[in-house]
Amino acid sequence: RPRAQERSFGGGAAVRGSSMLPPAAAVQRVEAAGDADYEWLQRQVFSGRRPAVLSGLPLGECVGGWSADRLARAHCASPSVSVHVCASSTVDLAGHRPANTPRNFVFRSMPFAEAVRRCSGSGGGGGGGDGGGDGGDGGGDFGPILEPLLNAGERYYLRSVGGDTRKEAADFPRTFPDLARECNLLPPRPDKEG
């Protein structure tokens with residue numbers, strides 16, 4: 001079983017075994033039939049009130065259709081997103097590092113499209129991807145390479161999206177309306193259907 005630090009951000013704190021977090025429980029994996037409806041999900045998954053990874057649900061155009069270029073072109077209702085930028089491969093968040101140890105990342109606000117560019121590797125920071133970003137959806141030309149914020153090879157963690165990120169819960173359909181239209185996240189509840 002991985003230590004608490006190893007469960008997040010590629011390896012966790014530099015000092016192994018320093019976490020005060022309890023061990024993580026295994027996440028249930030559920031293979032859903034393609035015709036699974038809300039009642040099936042309620043019985044098989046939701047009633048247990050535990051995290052689960054669902055597979056086999058028809059999620060819509062988002063499956064296989066979202067490239068970095070598509071995400072960067074998506075309308076984001078928030079003018080900027082909050083991102084942790086880390087010079088190393090591990091982001092040591094509070095609770096994942098020894099007490100009184102300084103954090104190894106900085107906060108930056110940037111437009112969502114820039115965050116996508118940086119995370120895809122086409123932004124200059126080397127956050128992942130091959131830098132091409134051409135996912136087959138029309139172009140992939142992200143424009144000029146962005147300079148790293150800290151140093152080459154930096155990593156990014158999307159901290160929050162929204163107006164008042166400390167008080168408002170994330171609302172995917174409101175923040176990304178065109179992306180939300182391309183997703184069928186769950187079968188509709190019977191009382192919510194047209």
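Modeller: One term before the rest: buried means under 20% relative accessible area. Keep in mind that this is a predicted model.

Biologist: Fine. Which residues of helix H3 are buried?
Modeller: In H3, residues 112–120, the buried ones are Phe-112, Ala-115, Val-116, Arg-117, Arg-118 and Ser-120.

Biologist: And what covers the buried residues of H3?
Modeller: The cover includes helix H2 (68–73), strand E3 (81–86), E4 and strand E5 (155–161).

Biologist: What comes just after H3?
Modeller: Gly-121, which takes a positive phi of about 95°.

Biologist: Back up a bit. How many helices and strands are there in the protein chain?
Modeller: Five helices and five strands. From the N terminus on, the order is β-α-β-α-β-β-α-β-α-α.

Biologist: How much of the chain is buried?
Modeller: Of the 194 residues, 32% are buried. The accessible surface comes to about 11,900 Å², and carbon and sulfur atoms hold 51% of that.

Biologist: What share of the contacts joins residues 24 or more positions apart?
Modeller: That share is 65%, taken over the contacts with a separation of 6 or more.

Biologist: Now the sheet. What is the strand order?
Modeller: The order is E4-E3-E5, in an open sheet of three strands with antiparallel pairing. E4 and E5 are the edge strands, each pairing on one side only. From one strand to the next, the twist averages 30°.

Biologist: How does H3 sit relative to that sheet?
Modeller: H3 packs on the sheet and touches E3, E4 and E5. The direction of H3 makes about 130° with that of E4.

Biologist: What holds paired strands together, in general?
Modeller: Strands of a sheet pair through backbone hydrogen bonds.

Biologist: Over how many bridges do E3 and E4 pair?
Modeller: Six, in the antiparallel sense.

Biologist: Where is Met-110?
Modeller: Met-110 is in strand E4, which covers residues 105–110. Met-110 and Ser-82 are 28 residues apart in sequence, and their C-alpha atoms are 6.8 Å apart in space.

Biologist: Is Met-110 buried or exposed?
Modeller: Buried, because its relative accessibility is 3% and the cut-off is under 20%.

Biologist: What does Met-110 touch?
Modeller: Leaving out residues up to four places away in sequence, Met-110 touches Ser-80, Val-81, Val-83, Ala-115, Arg-118 and Leu-149.

Biologist: What about Glu-154 and Arg-118?
Modeller: Those two form a salt bridge as well, with the closest N and O atoms 3.9 Å apart. This pair links distant parts of the chain: Glu-154 is in the loop between H3 and E5, and Arg-118 is in helix H3, 36 residues apart. Both Glu-154 and Arg-118 are buried.

Biologist: How many salt bridges is that in the whole count?
Modeller: The count comes to five salt bridges. Among them is Asp-69 with Arg-73, where the closest N and O atoms are 3.3 Å apart.

Biologist: Why are Asp-69 and Arg-73 about one helical turn apart?
Modeller: Because they are four residues apart in helix H2. Asp-69 is buried at 5% relative accessible area, whereas Arg-73 is partly exposed at 46%.

Biologist: Which residues are linked in a network of salt bridges?
Modeller: Arg-70, Asp-178 and Glu-182.

Biologist: Last topic, rings. How many aromatic pairs?
Modeller: Four. One of them is Tyr-38 with Phe-46, which is tilted: 5.8 Å centre to centre, with 55° between the planes. Tyr-38 is buried at 17% relative accessibility, and Phe-46 is partly exposed at 27%. Phe-105 and Phe-107 form an edge-to-face pair, 5.5 Å centre to centre and 85° between the planes. There, Phe-105 is buried at 7% and Phe-107 is partly exposed at 34%.

Biologist: Which residues form one aromatic cluster?
Modeller: Phe-112, Phe-172 and Phe-176. Phe-112 was also on the list of buried residues of H3.

Conventions
Residues are numbered from 1 along each chain as its sequence is written. This is a predicted model: local features need pLDDT of at least 70, side-chain atom pairs count only at pLDDT 80 or more; totals for chains, interfaces and linings use all residues. Side-chain values use heavy atoms; hydrogens and water are left out. Helices (H or I, at least four residues) and strands (E, at least two) are DSSP runs, numbered from the N terminus. Buried means under 20% relative accessible area, exposed over 50%, partly exposed in between (1.4 Å probe, protein chains only). Contact means heavy atoms within 4.5 Å. Two strands pair if DSSP finds at least two bridges between them. Axes are lines fitted to C-alpha atoms, for helices over the stretch in contact, and angles run from 0 to 180 degrees between N-to-C directions. Accessible areas come from the Shrake-Rupley method with a 1.4 Å probe; for residues, only the protein chains shown count as cover. A salt bridge is a side-chain nitrogen of Lys or Arg within 4 Å of a carboxyl oxygen of Asp or Glu. Rings of Phe, Tyr and Trp (its six-membered ring) pair if their centres lie within 6.5 Å; planes under 30 degrees apart count as stacked, over 60 as edge-to-face and the rest as tilted.
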